[in-house]
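Hi there,

Here is the structure we talked about handing over. Have a look at it first, and then read on for what turned up.

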Amino acid sequence: MPEQHYPEVRALGLFSGMTDENFFALMRGAYVQNFPPQIELISEGEPSDFLHVVLSGSVDLFSQWNGRDTSLATVRPISTFILAATIKNAPYLMSARTIEKSRIVLIPSQDVRAIFDVDGNFARAIVTELAQCYRSVIKSQKDLKLRTSLERLANYLLRQQKRAGGGAAFDLDFEKRRLASVLGMTPENLSRAFKGLLPYGVSVEGTRITINDQTDLERFAKPNPLIDDFST
């Protein structure tokens, strides 16, 4: 991998505490690749040969079964996927495809496991990241099982508004069909949910969202950091 990318990877919490010797050893077998949109990077059930680090672009983590598929998460820069499969030397439980043109670092999983065994700071950072991923999964499950589709959409819009800077008007970060999948809805149910939020001051034009009554929407959505804050 070109050394020009080292600082980006090194800045990740996962790698920041490693010794220089172990970090450079890990990077020796890594390489960077540019992918166009809609390229499948990994397939569920395949061996976890690489740990992936997204430097630019975005990646959709998804799963398929019995003729159906669902989006499970979006990976944005700069972050890794799928760490658990790499550490366990187990098959991928999800597939991944690029949403847009993306630059991705591929680090051989066997090298990650080898450094895990000898670098205590790296091992602790991996445990911390896996714990964070576990907590995020629990929050997603709570969102899915405790809220109605209308409540899930309302809270998603509030989270997206915050990511976009907090303004009343902002854009969805992907198309509505994929949003429906992420929220556990059909596209038809998502369309009805958007209409259901009209009385709470939400207007929609394409992928442009405007929240005209912030207080009313928050009163309905009841955002909760134990569900909606994925940073803790």
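How many of the seven residues of strand S3 (residues 50-56) are buried? The answer is five, so to speak a strand that is mostly covered. Please keep in mind while reading that this is a predicted model.

**The four-stranded sheet**

S3 belongs to an open sheet of four strands, with the order S1-S8-S3-S6 and antiparallel pairing. At the edges of this sheet you will find strand S1 (31-35) and S6, each of which pairs on one side only. From one strand to the next, the twist averages 30 degrees.

S3 and strand S8 (residues 102-108) run antiparallel and are joined over six bridges. To find this pairing on your screen, look for Ser-56, whose bridge partner in S8 is Arg-103. S3 also pairs with strand S6 (residues 79-81), again in the antiparallel sense, over three bridges. Here Val-53 stands opposite Thr-80 in S6. S1 and S8, for their part, form an antiparallel pair over five bridges. Arg-103 turns up in this pairing too, as the bridge partner in S8 of Asn-34.

**The three-stranded sheet**

There is also an open sheet of three strands, in the order S9-S11-S10 and with antiparallel pairing. Strand S9 (169-171) and strand S10 (202-205) each have a single partner strand, so both stand at the edges with one side left without a neighbour in the sheet. Neighbouring strands here are turned by 25 degrees against each other on average, direction ignored. Between S9 and strand S11 (residues 208-211) there are three bridges, in the antiparallel sense.

**Helix H9**

Which residues are buried in helix H9 (residues 187-196)? Leu-190, Ala-193 and Phe-194 are. Seen down the axis of H9, the buried residues fall within an arc of 100 degrees, so they line one face of the helix. Arg-192 and Lys-195, on the other side of H9, are exposed.

Gly-196 also has its place in helix H9. Its relative accessibility is 25%, so Gly-196 counts as partly exposed, given that buried means under 20% and exposed over 50%. Along the chain, Gly-196 and Asp-216 are 20 residues apart, and their C-alpha atoms are separated by 13 Å.

**The second largest pocket**

Finally, a pocket to look at. The second largest pocket holds about 320 Å³ of space. Which of them gives the most to the lining? That is H8, with four residues.

In total, 17 residues line the second largest pocket, and those nearest its centre are Asp-69, Ser-71, Arg-177, Arg-178 and Ser-181. By type, the lining is made up of four nonpolar, seven polar and six charged residues.

Happy exploring, and do write back with any questions.

Best wishes

Definitions and conventions:
Residues are numbered from 1 along each chain as its sequence is written. This is a predicted model: local features need pLDDT of at least 70, side-chain atom pairs count only at pLDDT 80 or more; totals for chains, interfaces and linings use all residues. Side-chain values use heavy atoms; hydrogens and water are left out. On a 1 Å grid over the protein atoms alone, a cavity is a set of points where a 1.4 Å probe fits but cannot get out, and a pocket is an open set with protein on both sides within 12 Å along at least five of seven lines; lining residues have an atom within 4 Å of a point. Grid points are joined across faces, edges and corners, and a volume is the space filled by probe spheres set on the points. Helices (H or I, at least four residues) and strands (E, at least two) are DSSP runs, numbered from the N terminus. Ala, Val, Leu, Ile, Met, Phe, Trp, Tyr, Cys and Pro count as nonpolar, Asp, Glu, Lys and Arg as charged, and the others, Gly among them, as polar. Two strands pair if DSSP finds at least two bridges between them. Axes are lines fitted to C-alpha atoms, for helices over the stretch in contact, and angles run from 0 to 180 degrees between N-to-C directions. Buried means under 20% relative accessible area, exposed over 50%, partly exposed in between (1.4 Å probe, protein chains only). The arc is that of the directions from the helix axis to the C-beta atoms.
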